[in-house]
Amino acid sequence: SGFIPRGKTAETVSSATARHDKILFQSFKVKVGHGDSTEDALHLIQLKESSLNGQTLRLRADANQAWDIGSAQDFIDELKREGNSMLDTIEFIEEPLEKQQTDDGKWSLGVQIAVLEAFANGGGLNYALDESLADLALVHDYKFDRIAPDLSKVFGGESLGQTGCVAFVLKPALLGLELSMQLAKLAQQEFQITPVFSSSFDSGIGLAYTAILAAVSDNSPYSSNIARFPHGLGTFDILRGDTLSPPFESYVNKDGLLNVPSLSRALYSLSLDEMSDRLPTYETTSTTEEPTITSTKSNSYLATTSSTSGRDITVSVSLPLPFSDGIASSRFTDLPQMSRWSPWLNSVTYLDESPGLTEWNLNIRGVKFSWKAKSEVLANPKGITWESISGLKNRGVVEFEPTSDDSCLMKLKMSIIMPYILVSLFQGMPSVLHEFLQNKLLKWSLEMFRDVIKADLALERGDQELGDALFGAVEGRANALEEALK
């Protein structure tokens, strides 16, 4: 939604029309409570009548707990003089009433909601919680398991769907990422209340984090049967500059819609440059924790994934190969051939700057990544180690353990530092990422390496039919992997 600062409504109406030739927001949030409440109501009426470029405006007001009950009623009465159409234009008002206290001078959520409900029932205007959620979080030291029962007392049970509260306004900059998402899920799943994510005059980076949280919440299965309100991210429009490059505004189209996938990819790239240089270390020999395979006849692919700090993800995989460790190592360590069995890689190139130095390039979902890595070929067991020295932070080792004269076990262990935003957003759901790494990206790459080398060996000994069949299988798997990456 767009944003009209407190006290700026009258002078902003005309300038907003010109400025929003570029962006037509679906709704505007108007700050009220700075003076006489009837004047605030007249400002909203004036904004509605300004009819920006002919669009039908949706408005919401934010009083920041500025009014007593009398002032709030004066605001409603002034709006009603314009008829029901004016009230219908207003989606809700955030925190219209001042902070309520019990007889002993303490703030109480129950008392606050009781007064807000009386306001909503008497005035016909729905409300949203903002400061009350922050106050509740502060009372309970930001512990969700203590916050949730208090909210359930006023919005659950017999009150479910019967209150005038239609939105929880969630500010991750104040509540934190995790608590904001927990409250969003609780609101949707338990109370049938809409989460509205809002900025606190954040930079483009802060807005991007908030936008991604909002997108995750909007795609929750619990959001399908409740009202949808635009999120409060329009504060970028009043910033003179941005720490995000390209700026946050560039991801917002003329209709005020945000391109979240492109924004998240841009933030992902930015976060990579801010990562710690530290990666988990491990030996290149028998210190791996993955299960040991003793049967050379097994076609079993085994994988384990661990996260050492929430950001450092380590994946260990293994696959039996039907050729010797010498053949496997010589083919795998020819790094420019890597894209033959890893179609997500565009190229791997040796650099003249230093022995073992390579440049890697990949393209996933239209986003290009590159990094330089230093590698070393191993002799016993045969294999290779690598570690990036710029760009995408990753490190790994591949070993080929002989199991017979013409077979071996391929063991790969790789670590990568994930952007902090992904760790925060998907806390509690790491299995989604682990599943993709283990059972698509790496599993298919290892199996394709096996089949590519089998095909090469078949053609080298003159078995054209088998070689062609194997290459056909590899091509099909490569196409499937490319579809998974779109």
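Colleague: Does Ile 313 count as buried or exposed, and at what relative accessibility? Please continue from there to the packing of helix α9.

Modeller: This is a predicted model, in which local features need pLDDT of at least 70 and side-chain atom pairs count only at pLDDT 80 or more, while totals for chains, interfaces and linings use all residues. Residues are numbered from 1 along each chain as its sequence is written, and side-chain values use heavy atoms, with hydrogens and water left out.

Ile 313 counts as buried because its relative accessibility is 5%; buried means under 20% relative accessible area, exposed over 50%, and partly exposed in between, with a 1.4 Å probe and protein chains only. Ile 313 belongs to strand β9, residues 312-321. Helices (H or I, at least four residues) and strands (E, at least two) are DSSP runs, numbered from the N terminus. Although Ile 313 and Ile 416 are separated by 103 residues in sequence, their C-alpha atoms are 5.5 Å apart in space.

For the protein as a whole, there are 15 helices and 15 strands, and 50% of the 486 residues are buried. Of the contacts with a separation of 6 or more, 65% are between residues 24 or more positions apart; contact means heavy atoms within 4.5 Å.

Helix α9 comprises 15 residues, 177-191. From first C-alpha to last, α9 reaches 20 Å, close to the 21 Å expected at 1.5 Å a residue; the expected span is 1.5 Å times one less than the number of residues. Its buried residues include Leu 177, Met 181, Ala 184, Ala 187 and Gln 188. Gln 192 follows α9 and has a positive phi, near 55°.

Two packed helices are described by the angle between their axes and the distance between the axes. Helix α7 (residues 144-155) and α9 have axes that come within 11 Å and cross at roughly 30°. Here axes are lines fitted to C-alpha atoms, for helices over the stretch in contact, and angles run from 0 to 180 degrees between N-to-C directions. The two helices, α7 and α9, are therefore roughly parallel to each other: angles under 35 degrees count as roughly parallel, over 145 as roughly antiparallel, 65 to 115 as roughly perpendicular and the rest as oblique. The crossing of α7 past α9 is right-handed, meaning that the near helix is turned clockwise from the far one by less than a right angle, anticlockwise being left-handed. On the α7 side, the contact is made by Phe 144, Ile 147, Ala 148, Leu 151, Ser 152 and Phe 155, and on the α9 side by Leu 179, Gln 182, Leu 183, Leu 186 and Phe 191. These contact residues comprise nine nonpolar, two polar and no charged. In this division Ala, Val, Leu, Ile, Met, Phe, Trp, Tyr, Cys and Pro count as nonpolar, Asp, Glu, Lys and Arg as charged, and the others, Gly among them, as polar.

Helix α7 also packs with α5 (residues 109-123), at an angle of about 30° and with the axes 10 Å apart. That angle makes α5 roughly parallel to α7, and α5 passes α7 in a right-handed crossing. Leu 109, Gly 110 and Ile 113 of α5 meet Asp 150, Leu 151, Val 154 and Phe 155 of α7. This contact has five nonpolar residues, one polar and one charged.
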